[in-house]
Amino acid sequence: MTGRHVVVVGAGPAGLAAADAALAAGAEVTLIDSAERPGGQYHRMLPEAYEATDPGALQHGYRSFDRRSRRVLGHPRCSWWAESSVWALERRDSADDGPPLVHVLRGTPRRRHVLEPDALVLAVGAHDRVLPFPGWDLPGVYTAGAAQALAKGERVVVGDRVVVAGTGPFLLPVATSLLEAGSRVLAVVEAAGPAAVARGWLRRPWELTSQLGKSGELLSYTARLGRHRVPYRMGRAVVEARGDGRVEEIVTARVRADWSVVPGSEHVTAVDALCVGHGFTPQLELPVAAGCDLRPAAGGSAAGSPADVFVSVDDDQRTSRPGVYAAGEITGVAGAPAARAEGAVAGWIAAGGDRGARALVTLGRSRDQGRAFAARLALAHPVGRAWPGWLRPDTVICRCEETTYAAVCRSAADPTRTEPQVAKLATRAGLGPCQARVCGPTVAELRRSTDQGAGPHHRPVAEPIRLGELARPPEPPPGRATPATPATPSTPTDSPAEESTS
Amino acid sequence: MDRTRVVIIGAGIIGAACARELALAGFDVLVLDRAGAAAATTSHGEGNILVSDKGPGPELELAQLSRRLWPEVLAALTERTSPEEVDAVEWDPKGGIVVATTAGGAEALLPFAAAQRAAGVRAEAMDSDALTSAEPFLTERRTAAVHYPDDAQVQPAGAATALLADALRAGARLRTGREVLGGVTRGSRLTAVRTADGQVEADVFVNAAGPWSGEVARRLGVPLDIRPRRGEVLVTTPLPPTVFHKVYDADYVGAVGSGAGDLQTSAVVESTRAGTVLLGSSRRRVGFDDRTRPEVLSAIAAKALKLFPSLAGVHVMRAYGGFRPYVPDHLPVIGADPRLPGLWHATGHEGAGIGLSVGTARLVRELLTGTAPAIDASPFRVDRPAVLGGPPTVTEAPNSPPHTAPTTEEGP
């Protein structure tokens with residue numbers, strides 16, 4: 001029994017695996033997630049109220065996930081804090097004093113607590129990235145993630161004639177979720193050209209066979225799309241959405257490798273909904289608040305874009321801050337199997353588990369395969385640098401504050417507004433309720449900012465908090481579950497395959 | 001035309017105002033900043049232009065001069081530039097209301113306002129009905145209130161960039177990313193500053209580096225006791241109109257004068273054009289430790305709710321903090337440094353720099369050209385014990401009214 005208190009933030013694939021491994025190593029665990037149930041974006045749960053007869057039909061790898069979920073939540077040393085969010089991390093005076101204090105708003109009604117962990121595992125994931133284009137702010141245009149959430153989480157159909165567009169393999173499960181929820185998917189429009197996709201996916205195919213779960217998953221999606229005769233169009237992008245108060249038609253166009261539009265290739269399609277996703281943006285406010293170093297994304301695609309930074313970790317998933325570990329998409333977008341492996345390593349080491357444990361070798365291998373997969377993903381689906389060519393002067397960049405492309409360009413050219421903070425105050429892009437989570441990467445690219453630092457992710461208030469909640473002093477955390485008998489360390493789950501599709 | 005070469009160190013609001021004033025007067029002006037314009041203190045404050053928080057004395061005179069100049073400066077800008085640029089200043093002469101919520105607070109506030117009136121400040125006591133119609137959401141628990149029609153607000157980074165852009169139009173140059181590393185003297189005179197990109201020569205150097213001006217002075221070989229003091233501001237999500245003036249509380253009469261390093265908070269509540277409500281303020285002496293502490297945010301929230309209890313359900317979506325240039329005797333430092341000919345200072349405004357910037361720039365120009373200054377500038381002179389590193393004082397300056405001191409210092 002290590003007796004260490006490990007706080008895990010995020011209960012998606014990475015966080016759940018971290019909690020599982022930390023419990024196996026003998027730690028006390030507090031697992032925090034903003035949702036009602038674990039699963040994160042990946043295993044988005046059907047709310048219990050819907051009494052789904054067979055959630056497995058909608059959920060990939062649901063059973064293994066469910067086993068792990070029950071094991072963790074039912075564990076006597078685990079405190080499960082559902083519907084809770086970390087609104088601030090407070091660095092201590094010296095890094096030697098341990099990981100930051102964790103300020104949490106817990107449950108409904110929300111109560112304010114402060115946790116003082118021995119180790120902190122951040123597994124907060126990513127949210128989808130959407131590049132702006134004329135009309136992207138029309139009702140009926142959804143982020144791919146939101147459309148999937150509506151389809152899977154609430155079984156709401158976003159439209160009858162839907163196009164799914166953007167880049168990356170995530171478009172495929174989104175399209176299948178829409179089909180299963182009853183939408184007609186007219187096409188999946190992938191901006192990456194066949195050559196890039198082939199370069200990413202077909203080179204050294206034996207690497208992919210080691211990543212069985214992932215490629216098997218993709219094959220099954222592709223098969224399902226095929227059954228529904230949904231065309232998968234590569235090298236095209238949605239460059240405009242039009243409609244009177246709501247999207248009615250979209251313009252797709254052929255794009256070159258840098259995503260510049262091939263003139264004359266435009267094609268108009270009537271739709272009643274459009275789902276777009278251009279990859280993912282890691283949620284970095286908590287790592288930044290903890291003081292973790294960031295790194296530019298590996299691989300050619302993202303190099304140089306201020307939008308692509310991740311938390312820097314070593315082979316043990318340690319960040320640059322003592323006692324702070326990171327796992328999952330915030331260290332690189334590599335999919336659920338790699339996130340699970342990273343989580344298990346992070347949880348085990350954070351709990352003080354034996355570094356010689358045999359399972360770590362398997363987990364490490366799985367994680368490395370996941371990272372190789374991530375590199376391929378980046379290679380196959382890079383965001384082309386010429387996408388701003390789609391924009392018009394009046395295209396809205398920041399939806400919260402309705403800042404236009406012209407305003408961002410004006411400020412970028414102003415010698416007195418070279419500072420991102422000053423430009424932000426001038427254009428107001430990023431000052432609205434989403435606090436630049438959506439437009440931040442876009443604005444950084446448009447400004448051709450060379451700032452790859454923490455700046456855009458600096459949000460000392462990581463989650464909105466009511467003044468009344470903030471004004472009250474924190475309450476002592478409810479008693480943590482204490483083990484009836486001393487815990488005996490077991491081993492971390494050494495096979496991430498247990499959790500993958502089978 | 002005076003083609004004296006002036007290098008201004010620091011492109012915050014003070015440096016921007018000085019650059020504009022001197023460039024318009026014909027000086028050959030170069031502004032250096034180690035980062036970008038308005039990057040630090042200026043863009044991390046509230047944007048206060050206040051007369052309400054200053055008792056009779058030199059700082060009030062500077063505030064009154066500045067308050068007279070702001071509309072003139074904006075009118076001049078309107079003639080020379082685009083409406084958008086002037087609009088970005090977000091000038092709002094909304095007036096301030098100081099509210100006491102205890103008997104002690106009222107006893108201190110009313111005589112203080114009377115003394116301000118004697119010094120020419122418009123300060124009108126409000127009865128409860130007038131207060132309710134001016135601020136319908138204010139707490140019912142109030143014991144006195146004074147309306148200051150001349151208090152105003154700007155968006156501080158917008159104000160600084162507008163002043164700087166006007167300076168550039170008048171011929172000034174801006175070099176960002178240039179940190180001053182040291183000085184070069186000939187005889188006893190400062191003739192150049194060293195940067196990583198080489199030396200920059202000039203006839204006059206104006207240290208306008210805000211909280212870092214102590215460090216700049218040290219690098220140039222003359223100590224200057226300017227210290228950083230941290231302040232934090234909370235920002236709510238946009239609301240329908242709820243707060244109509246700059247409203248702050250007067251209830252720390254007895255609390256001030258305690259150790260200046262301790263956390264002190266006082267409620268300053270106001271809305272912005274975007275509909276957000278800004279909640280200040282705090283002051284802490286923590287060096288350049290830039291951590292935003294939840295306990296500080298909590299204290300600010302608690303104080304603000306005492307004034308506006310109905311805001312309890314409103315979400316805070318953002319918090320920011322910055323360092324203010326603090327001088328132990330609470331007076332700005334404006335003028336030539338007698339220890340090093342060629343070096344001037346325009347710093348030490350603590351939390352009042354946005355408001356005081358244009359008056360400070362006017363004094364710098366008048367002192368540099370040998371014109372009779374608009375107000376007596378001698379209280380701001382460099383060679384006074386508090387500035388040259390005399391024994392540290394923790395008591396408030398006699399001219400600094402206890403009830404408003406925290407606002408003055410950390411408001412913007």
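Two strands are taken to pair if DSSP finds at least two bridges between them; the strands (E, at least two residues) and helices (H or I, at least four residues) are themselves DSSP runs, numbered from the N terminus.

The views show a predicted model, in which local features need pLDDT of at least 70 and side-chain atom pairs count only at pLDDT 80 or more, while totals for chains, interfaces and linings use all residues. Residues are numbered from 1 along each chain as its sequence is written, with chains lettered from A and ligands numbered from 1 in the order in which they are written.

**View 1. The parallel sheet β3-β2-β1-β7-β20 of chain A, with helix α1.** This open sheet of chain A has 5 strands, paired in parallel. Its edges are formed by β3 (78–81) and β20 (324–326) of chain A, each of which has a single partner strand, so that one side of each is left without a neighbour in the sheet. Neighbouring strands are turned against each other by 15 degrees on average, direction ignored. Strand β2 (residues 28–32) of chain A is joined to β3(A) over 4 bridges in the parallel sense, and within this pair A:Ile32 has A:Trp81 of β3(A) as its bridge partner. Helix α1 (residues 13–24) of chain A packs on the sheet, where it touches β1 (5–9), β2, β3 and β7 (119–122) of chain A, and its direction makes about 170 degrees with that of β1(A). Contact here requires C-beta atoms, placed from the backbone, to lie within 7 Å, and angles run from 0 to 180 degrees between N-to-C directions, the axes being lines fitted to C-alpha atoms, for helices over the stretch in contact.

**View 2. The parallel sheet β9-β16-β10-β11-β12 of chain A, with helix α5.** In this open sheet of chain A, 5 strands are paired in parallel. The edge positions belong to β9 (141–143) and β12 (232–234) of chain A; each has a single partner strand, so one side of each lacks a neighbour in the sheet. From one strand to the next, the twist averages 20 degrees.

**View 3. The antiparallel pairings of β5 in chain A.** Strand β5(A) is joined to β4(A) by 5 bridges, the two strands running antiparallel, and in this pairing A:Leu89 stands opposite A:Val102 of β5(A). Strand β5(A) also pairs with strand β6 (residues 111–115) of chain A in the antiparallel sense, over 5 bridges, and here A:Val104 stands opposite A:His113 of β6(A). The hairpin of β5(A) and β6(A) has 4 residues between the strands, and in it A:Gly107 takes a positive phi near 70 degrees. Of the 6 residues of β5(A) (residues 101–106), 5 are buried, so this strand is largely enclosed by the rest of the structure. A residue counts as buried if 20 or more other C-beta atoms lie within 10 Å of its own, as exposed if 12 or fewer do, and as partly exposed in between, with C-beta atoms placed from the backbone.

**View 4. Helix α10 of chain A and the glycine after it.** The 16 residues of helix α10 (residues 335–350) of chain A should span 22 Å at 1.5 Å a residue, and the end C-alpha atoms are 22 Å apart, which agrees; the expected span is 1.5 Å times one less than the number of residues. The helix α10(A) is mostly covered, with 16 of its 16 residues buried. It is followed by A:Gly352, whose phi is positive, near 85 degrees.

**View 5. The contact between chain A and chain B.** Here 26 residues of chain A are in contact with 36 residues of chain B. On the side of chain A that touches chain B, the elements giving two or more residues are β4 (85–90), α13 (420–427), β23 (465–466) and α15 (467–471) of chain A. By class, this side of chain A has 14 nonpolar, 6 polar and 6 charged residues; Ala, Val, Leu, Ile, Met, Phe, Trp, Tyr, Cys and Pro count as nonpolar, Asp, Glu, Lys and Arg as charged, and the others, Gly among them, as polar. Strand β23(A) is joined to strand β17 (residues 315–326) of chain B by 2 bridges, and the two run antiparallel; A:Ile465 has B:Val316 of β17(B) as its bridge partner.

Conventions:
Two residues are in contact if their C-beta atoms, placed from the backbone, lie within 7 Å.
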